[in-house]
Amino acid sequence: MDSAFIIEKSVFIVAIFAVTMIMAMYSTWAERKVAAYLQDRVGPNRAGWGGLLQPLADGMKLFAKEEFFPNTPNRFLFIVGPAIAMSTALMTSAVMPWGDKLEIFGRTVILQATDIDVALLYVFGIISVGVYGIMIGGWASNNKFSLMSSVRAASQMVSYEIAMGLSIIALLMMTGTLSLKEIAAQQAGMNWNVFYQPVGFLIFLICAFAETNRTPFDLAECESELIGGYHTEYSSMKMGFYLFAEYANMFISSAILAVLYFGAYNYPGMQWMVDNVGVNAANILGIVVLFIKICFFIFFYMWIRWTIPRFRYDQLMHLGWKILIPLAIVNIMVTGICILVFK
Amino acid sequence: MSPVLITFYFLAAFTLATAFLTIYSKNPIHSAIYLVLCMVSIMGHYLLLNAQFVAIVQLIVYAGAIMVLMLFTIMLMNLNKEDEVHKPRITRLGAIVVFILMSMVLITIFINSKTIMGEYDSTGEDFQSIKVLGKVLLNEYMVPFEFASILLLVAMIGTVLLTKKEKDQK
């Protein structure tokens, strides 16, 4: 392991961290702008041009607010809750392929922090641990509403994880690998997985909404029933971490959707670009294309949020257990038959 | 000392400490959280052995699924110190007997097991890759694998049946 390799990876990891944070920051701005657009309002426009400095102003406000602690015997767990939520939201980006490769000073730089054999399972593992942030925080708040909310969030995430995993199995049967890098590379040209796995994509999309606690699945922070949900007792930057973690999760799950089903960094004519314009230019364009896809999915999340009202809790459980799981199993069987017949 | 050895000692100490704290903490939620940490540190042991797949499955199944459900139930029950059932003396006696029997088995295993003296030979095959694992599992260990899956299926049907029956009696 030479020092250049360590420098390269460190720079790359810091860059991913910065990009995730900036994307999460500007998602809050975009959310307000999209909401305003859909409701025929103007949205934030005071701080900076078009309200572009609004996220910074919000951050300043959260930092400057009073640190309030509820009357809880579990002060430590109360602090740990948002920390877990934030760190698990950031950990998933380690295995994401952000692009193919670049050639800098004669070195081939793979645009991925690490390419492990079980990348997709790693993502699932981190997602399943992420629920502890909400559960521990909600419980340590020593508040019945927070506890109800965290219990809701936990049962929702556990139920939708099953359908999510089953929808991925059908995809894995096609790709034959768990490495996100290879899945991305297999979709070169217009060979996007969404054309082969439309049902799987739909199930995965719905489950991604549920896993990130976004409307119509945001039962955990249902204001009319639970005040503010699991972060009722939180204030200042701890509250900011919870809100930020949600947007970071949204960014990461959009990235997963783009990588798994929408061809990752591939775009039509990429091979032509590599041959005629150069590897670097083609792959930088690939990164841009990936970010356009991610931004589209982030917009999609917001679009849904301001269009569809929230479910009732029994409807949510009904959808998860009685519709999505059987549908995912049927999808696996149909995929298996298709692979047997056509290959 | 090599970095691997240092990591191992650190992980082993962490695993043992969290396992003891699981038993000794008064608050059931704290116990559950210590158990989660214990599970995650066992994942670290698997990673040290270069078994990526087993490590990730440990994280998903134990830390991600089983412990979430356990924590969930404990939170819903909201156990207090007053609720703690007083254990009769016979239970404690039974626990001691079981512990002694269990330690006898473990001690015999440790005495009889031989330490690996020979060098590891490199077969050129990447045994941590899931492709190799899948091939071994579905060729050499096909029958036990199928039996395990049938066992899981039966357990699942049993669970559904138990919840159904309760509904009918009401």
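In chain B of this predicted model, residues 24 or more positions apart make up 50% of the contacts with a separation of 6 or more, two residues being in contact if their C-beta atoms, placed from the backbone, lie within 7 Å. Local features need pLDDT of at least 70 and side-chain atom pairs count only at pLDDT 80 or more, while totals for chains, interfaces and linings use all residues. Residues are numbered from 1 along each chain as its sequence is written, and chains are lettered from A and ligands numbered from 1 in the order in which they are written.

The secondary structure of chain B consists of six helices and zero strands, in the order α-α-α-α-α-α along the sequence. Helices (H or I, at least four residues) and strands (E, at least two) are DSSP runs numbered from the N terminus. Of the 170 residues of chain B, 12% are buried, that is, have 20 or more other C-beta atoms within 10 Å of their own, with C-beta atoms placed from the backbone.

An unreviewed UniProt entry lists residues 6-24, 31-49, 55-78, 90-111 and 141-162 of chain B as "transmembrane region"; such annotations may be inferred rather than shown by experiment. Residues 31-49 are 95% helix and 0% strand, with end C-alpha atoms 27 Å apart.

The contact between the chains takes 20 residues from chain A and 19 residues from chain B. On the chain B side, α2 (28-48) and α3 (52-77) each supply at least two residues, and α3(B) gives the most, with 14 residues. This side has 16 nonpolar (Ala, Val, Leu, Ile, Met, Phe, Trp, Tyr, Cys and Pro), no charged (Asp, Glu, Lys and Arg) and three polar residues (the others, Gly among them).
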